[in-house]
Structure formats: structure tokens, C-alpha cells
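User: Could you take a close look at one part of this model for me, the helix packing and the salt bridges around it? I'd like one connected walk-through.

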Amino acid sequence: MSDEREMPRASNSRAYVRASRRARALIEQPGGLSALAASAGEKAAARSGALAGIGKSVQDALRLVRAYASGAYREIPWQSLLMLVAAVVYFVMPVDAVPDILLGFGLLDDAAILGWTLRSLDGDLKRFRAWEATRTAADAPADPGAVTDLSSDS
């Protein structure tokens, strides 16, 4: 993990503490985690400009949360999962240290928290990506020519 001195100031806010508490509750509710990941995915897609540079890692992290919620992936330390879910909760919350309604500024604290968290959990995300790649490879058809193009009308 990164040095805590690099942690954004927003992580000391009441909003982040509230997000951390909510994260603990959500981790115990797979349906809640799935809904959180869906909400965060929608917000990330709508605000992709504000997340420039971390967008791919955000998507990877949201897939990790979904995989954890489904029970498919559990190879993440509890503290790492808690940090990740807290950052996602903070990102989704409309009122945090800097409310999202303040366009241009409202997402800066969200992006700072997400960016710091993703950098801190880089090793966990790399392990998840490796697990995901092996799983995807195992699920691929044996004969690549057997895959039909579903987008054609013929």
C-alpha cells in the first residue's frame, strides 16, 4: 500500500468516514455490492472526462467488486476490499467533502480518493486481472472459428 501521507485530505472528512461505515455493511450484502458497482459504473461512464487516466482501473475495480459480490473472486484481503468499497461508496455519494453539484470541483475529490485507492491497491488489482485473464481463457471456445458473429443480420 501507498504511504498514508499521500492520502487525499477528503479521506479525513465525515463523508469518507460515513462511506467507510457504509462499505462495511455493504460487504456483507452481495446484492448491495452489485447495486453499488452498477451505480458506480453508470456514474463513471457519465463522468469519464473527470476520471481521465484512471478510467480503466476504475472499471477493473468495479469488476472486482462484482466478482466478490457473486462469490467468484475472494482472493482480496479484507482491508483492501474495505478500502476499495469505501472509495466506491464515496464516489457514488452525491454529497461528500465537495458535493458533486459543484460542477468542475465536485468530482475532483471523488477522483482523488479513487486514484489514491487504486494506486494503493495496485497489487490486488493486478492479481485480480491475472485471475480474470485465466478465467476468460478457460471460458473461451476451443475452436475460435466456431464463434459466430452475432451482430450480422444474415
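Analyst: Buried here means under 20% relative accessible area, exposed means over 50%, and partly exposed is in between (1.4 Å probe, protein chains only). Keep in mind that this is a predicted model, where local features need pLDDT of at least 70, side-chain atom pairs count only at pLDDT 80 or more, and totals for chains, interfaces and linings use all residues. Residues are numbered from 1 along each chain as its sequence is written, and side-chain values use heavy atoms, with hydrogens and water left out.

Let's start with T117, which is buried at a relative accessible area of 1%. T117 sits in helix α5 (residues 106-120); helices are DSSP runs of H or I, at least four residues, numbered from the N terminus. Setting aside neighbours within four places in sequence, T117 touches M83, L84 and A87, where contact means heavy atoms within 4.5 Å.

L84 also turns up where α4 meets α3. The axes of α3 (residues 55-70) and α4 (residues 78-92) come within 11 Å and cross at roughly 115°. Those axes are lines fitted to C-alpha atoms over the stretch in contact, with angles running from 0 to 180 degrees between N-to-C directions. On the α3 side the contact uses A61, L62, L64, V65 and Y68, and on the α4 side L81, L84, V85 and V88. By class that makes 9 nonpolar, no polar and no charged residues; Ala, Val, Leu, Ile, Met, Phe, Trp, Tyr, Cys and Pro count as nonpolar, Asp, Glu, Lys and Arg as charged, and the others, Gly among them, as polar.

K56 is exposed at 60%, whereas D60 is buried at 2%. D60 also forms a salt bridge with R129, at 2.5 Å from N to O. Because D60 lies in α3 and R129 in α6 (residues 122-139), this pair ties together parts 69 residues apart in sequence. R129 itself is partly exposed, at 24%.

Within α6, K126 and D122 are 4 residues apart, about one turn, and K126 bridges D122 at 3.1 Å between the closest N and O atoms. K126 is exposed at 51% and D122 partly exposed at 31%. Through shared partners, salt bridges join K56, D60, R63, R129 and E132 into one network.

How values were computed:
Helix = DSSP H or I, 4+ residues; strand = E, 2+ residues; numbered from the N terminus. Salt bridge = Lys/Arg side-chain N within 4 Å of Asp/Glu carboxyl O.
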